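Subject: Structure for you to look at

Hello,

Here is the structure I said I would pass on. Please open it next to this message; my notes follow below it.

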Amino acid sequence: MVILGGGIMGASIAFHLAEAGVNNIVLVERHALGSGSSAKPLGGVRATFSDPGNIKLGQRSLEAYERFGDKFKTDIGLRQVGYLFLCRNEAELLQVEDSTHIQNHLGGSSRMVSPYEAHQINPFIDPQALVAASYSPRDGFAQPSKVVRAYGEAAQQLGVTICQDTEVLDIDASGGEVRAVHTNRGSILTSTVICAAGAWSTRLGAMAGVHLPIEPVRRQIGMTPQGAKALPTVPFTLDLSTTLYFHNYLNGMLLGISNQDQEPGFCREFDYQWLPAFNTAAEVVAPSLANRELEVGWAGLYENTPDHNAMIGSSDTVAGFMYATGFSGHGFLQGPAVGELIRDVYLGRESFMDPAHFSAARFAGELSRLRELHII
């Protein structure tokens, strides 16, 4: 078996398969393990979605992250400070109320709060800008690079071969079935390929004749200077109207926004193009965070599908080609669960959920597209 991509998805899949007793696994990574989109300094972990499938993936992964330190004997920096989604109009309020009901029906702990309560939970928020908010105290954030490293090391101990600095040049899928993966370091004969290459998956899928529609889009964050003492601890806070978000980062703050003016592409160089949009939004919902000095910044890639939801499953045209990609910014928070799900699909056994509606076939018009409201 060959897994393409050494980020959170590839590492999680490799570990879960090896843990289940699957042998002869090779994980191929073009650069270093965790150097792609999983290299970000902090990643949110949440089950706060509107689609039941996304909620199940988020909950299952959150449970795994809560046990991660004991299982892997490592500190991943998990901080369950909660998530706070801000509603600034009646339409958002109705949507979030519906989402909160679905989340709690599936075992979540979200609740609606008033503007005053939102301000009490997060004093940076101007309550006059809100009509309500949802608060999920179990959610939070952790450090993706540490998770990828732990999965990778555990997978190697279970016999997985990890090939770093290895570029895939072609995939032999002649006759409608996977036969080999050709790399710059040689060829690997295989009957199974799992594409977990994030923003780079479209090109790899095309090598095997499988269409995986993904558009790479740069997303950027900035960190304020570290203060002499910590700021008030606040939830991971998101404004649904503008996609502004922020949370604590040591003794400073991490700030970001899904800049709608960003052109698609593979650029990962940091700049301040997004900052005016953030400041404009912050002046309304969190005035004290507007026009803050930034000490350092980071740029990475979202792997956006047409409906901004993941593709998980097996090709129905090329035997032996599987995929777990296109997570559109939700990869880290869904990674552990997806590793379990791909393991179970490969082994042909019942899993904690049916991944059918995440199939890439929905983009060929064979299935309905997913509708997820809690996207940034």
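Predicted model: local features only at pLDDT ≥ 70, side-chain atom pairs only at ≥ 80, totals over all residues.

Helices α2 and α8 are roughly perpendicular to each other, because an angle from 65 to 115 degrees counts as such and theirs is about 95°. Their axes lie 7 Å apart. On the α2 side, the contact is made by N54, L57, G58, R60, S61, A64 and Y65. The α8 side brings F332, L333, Q334, G335, P336, A337, V338, E340 and L341. Sorted by class, this contact of α2 with α8 holds nine nonpolar, five polar and two charged residues.

Six strands form an open sheet with mixed pairing, in the order β8-β2-β1-β12-β19-β18. Its edge strands are β8 (161-163) and β18 (311-314), each of which pairs on one side only. On average, neighbouring strands in this sheet are turned by 20° against each other, direction ignored.

Strand β19 shows both senses of pairing. With β12 (residues 193-195), β19 (residues 321-325) pairs in the parallel sense over three bridges, and I194 stands opposite M322 there. With β18, the pairing of β19 is antiparallel and runs over four bridges; here G313 stands opposite Y323. The hairpin of β18 and β19 has six residues between the strands, and G320 in this hairpin takes a positive phi near 90°.

Helix α1 (residues 8-19) lies across β1 (2-4), β2 (26-28), β12 and β19, and runs at about 160° to β1. In helix α7 (residues 275-285), the buried residues are L275, F278, N279, A281, A282 and V285. What covers the buried residues of α7 includes β4 (83-87), β14 (236-239), β15 (244-249) and β16 (252-257).

Now some backbone angles. Most residues other than glycine have a negative phi. Which residues other than glycine have a positive phi here? N24 is one of them, with phi near 60°, and S328 is another, with phi near 55°. S328 has a relative accessible area of 1%, so it is buried, the cut-off being under 20%.

Last, the cysteines. How many disulfides are there? The count comes to zero, the rule being a pair of cysteine sulfur atoms within 2.5 Å. Among the cysteines, C87 counts as buried because its relative accessibility is 0%. C267 is at 36% relative accessibility, so it counts as partly exposed.

That is what I have for now.

Regards

Note on methods. Residues numbered from 1 in each chain as written. Heavy atoms only, no water. Buried < 20%, exposed > 50% of the residue type's maximum accessible area, 1.4 Å probe, protein only. Pairing = 2+ DSSP bridges. Helix = DSSP H or I, 4+ residues; strand = E, 2+ residues; numbered from the N terminus. Axes fitted to C-alpha atoms, helices over the stretch in contact; angles between N-to-C directions. Contact = heavy atoms within 4.5 Å. Parallel < 35°, antiparallel > 145°, perpendicular 65-115°, else oblique. Nonpolar A, V, L, I, M, F, W, Y, C, P; charged D, E, K, R; others polar.
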